[in-house]
Amino acid sequence: MKKKKTMTTGAGIPVSDNQTSLTAGERGPVLMQDHLLLNKLAHFHRERIPERVVHAKAAGAHGTFTVTKDITRYTKAKLFSEVGKKTDVFGRFSTVAGEKGSADTVRDVRGFALKFYTEEGNWDMVGNNTPVFFIRDAMKFPDFIHSQKREPQTNLRSDTMQWDFWSLVPESLHQVTILFSDRGIPKGIPYMNGYGSHTYSFINDKDERFWVKFHFKTQQGIKNMTPEEASRIAGEDPDYHTRQLFDAIERGEYPKWTFYVQIMPEEAAENYRWNPFDLTKVWSHKDYPLIEVGVLEMNRNPVNYFAEVEQAAFSPANVVPGISFSPDKMLQARIFAYADAHRYRLGVNHEQLPINSPHAAEANNYQRDGYMCYGDNGGASVNYEPNSFGGPEANPAFKEPPLKISGDADRYEQKRGVDDDYVQPGKLFRLMSKEEQERLIANIVGSLKKVPKEIQERMLTHFYKADKDYGEGVAKGLGLT
Ligand code: NDP
């Protein structure tokens, strides 16, 4: 047996009794001076930090990314600098709408967030298990999430709120189609793909910019659950996906994904048939084939859930030299929103927490103080710039090439071509087998039948516009003509 250490308070003072409180007499009341009890209770009351508004329920694991193909012609990012190169990764895989204790096997989009601890700082690839999203402008985001969460009076999830929003925001149809397809309930985290979803940019050592999309394809194969199986498991084992990932890693069965990119030359964005910065659209694989980059393997379980998974803070703002942003309006807003949410949830110094701090790189800047300054706060080093005392300096070698933009400042609604928001959902519907189409329609009808007829009819217009059979199938299921 391991020799036990003496228990201490947070201040390191030995504790003589952790089972009984200090009382005045055997039956008497507790004394105010029982700071051990007061401290124990006070700390316990403060154990919960604000829950993430979205992506609250998650599993996490450590892993390794290994480069298998050379993509240095597209990016100078050091993590891709040579075939065989390995980078530490932490991944967090979540549902979106449910609270921290909610069931894993619900129909929902899944978060697929990766932190690559590269030698030039952390690259956070904060994606989902779907290549698109419901909306393309962050001005709609809080309203969208309200419609997916709980109804103000009853505190219940509401099919009506969800379909009402979707029916009034037609660009959501593509994501809605994926959500209600078989892929809406993955069999487990190892059995789903991950996508960066947004368009990002790659910059090479000649300062050439390419637009890029990220795809992590599961090597375990896509596997999903039927709604019946998912409902049963949600009752029997609500943490099924969390347990499955943890147990697989404990057994040495490490889930793997092949990492691919799609690359679009900078100037091609002007003339592509889709706005390549619209998060509700994909780039066809035929137009921009997948290019293999490497393998992601999740191979080590966290030792402490709160320290590693709950306190993990991902932000799309964290890109390393050679990877950058795009004009995607949703991405632009996420660059602000994620770090801001963590400032509220974990505090302004959350990047100093071990799970969030870089491994090989070093954080060097003039930020000081603030709540929960975990390290030495820069010690005695100079805390302003410019200075004469050898403080860190910005390095223009890391400057990005300028990005051409044009146009007048205004609030633009994306020009809707005749069929813009319907073509890709239609294509997706048609690439499904007859049986998949039937299950998609049955899943939609199961939810849509609970909402007012006016909303059903508005939704039917969208399904019809995507594909006649799609619309007719849902109409038939709802008993409408
Ligand atoms: P492709 O035939 O080249 O690509 C189709 C892709 O669709 C597949 O590679 C697969 O991507 C994905 N897919 C297949 N079955 C399903 C399903 N049941 N649910 C969700 N996704 C599925 O055609 P395009 O590139 O022209 O795309 C056609 C449609 O495919 C798009 O409109 C879009 O809806 C969908 N799609 C396209 C993706 C892309 O990046 N081009 C990615 C995912 C979906 P994967 O292997 O990534 O799962």
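This is a predicted model: local features need pLDDT of at least 70, side-chain atom pairs count only at pLDDT 80 or more; totals for chains, interfaces and linings use all residues.
Ground rules. Residues are numbered from 1 along each chain as its sequence is written, and side-chain values use heavy atoms, with hydrogens and water left out. Local features need pLDDT of at least 70, side-chain atom pairs count only at pLDDT 80 or more, and totals for chains, interfaces and linings use all residues. Helices (H or I, at least four residues) and strands (E, at least two) are DSSP runs, numbered from the N terminus.

E2 covers residues 86-95. Eight of its ten residues are buried, meaning under 20% relative accessible area with a 1.4 Å probe, protein chains only. Strand E1, residues 58-67, runs antiparallel to E2, joined by nine bridges. DSSP must find at least two bridges for two strands to pair. Ala59 sits opposite Phe93 of E2. E2 also runs antiparallel to E3, residues 110-118, with eight bridges. There, Ser94 faces Gly111 of E3.

Now helix H3, residues 159-168. Which of its residues are buried? Met161, Gln162, Trp163, Phe165, Trp166 and Ser167. They pack against H2 (141-148), H4 (173-180), H10 (434-448) and H11. Contact here is heavy atoms within 4.5 Å. At the start of H3, a side-chain oxygen of Ser158 comes to within 3.3 Å of the backbone nitrogen of Thr160.

Next, H4. Eight of its eight residues are buried. Among them are Leu173, His174 and Phe180. The cover includes H3, H9, H10, H11 and H12 (468-478).

H9 (420-431) and H11 (453-466) pack at about 70 degrees, axes 7 Å apart. Axes are lines fitted to C-alpha atoms over the stretch in contact, and angles run from 0 to 180 degrees between N-to-C directions. The two are therefore roughly perpendicular, the label for 65 to 115 degrees. H9 brings Tyr422, Pro425, Gly426 and Arg430, and H11 brings His462, Lys465 and Ala466. That contact divides into three nonpolar, two polar and two charged residues. Nonpolar is Ala, Val, Leu, Ile, Met, Phe, Trp, Tyr, Cys and Pro; charged is Asp, Glu, Lys and Arg; the others, Gly among them, are polar.

Last, a loop residue. Where is Gln311? In the loop between helix H7 (305-310) and strand E10 (323-324). Buried or exposed? Gln311 counts as buried, because its relative accessibility is 16%. Leaving aside neighbours within four places in sequence, Gln311 touches Phe306, Arg345, Leu346, Leu353, Ile355 and Asn356.

How values were computed:
Angles under 35 degrees count as roughly parallel, over 145 as roughly antiparallel, 65 to 115 as roughly perpendicular and the rest as oblique. Buried means under 20% relative accessible area, exposed over 50%, partly exposed in between (1.4 Å probe, protein chains only). A polar contact is a pair of N or O atoms within 3.5 Å; within protein, one must be able to donate a hydrogen and the other to accept it, and residues adjacent in sequence count only if both atoms are side-chain atoms.
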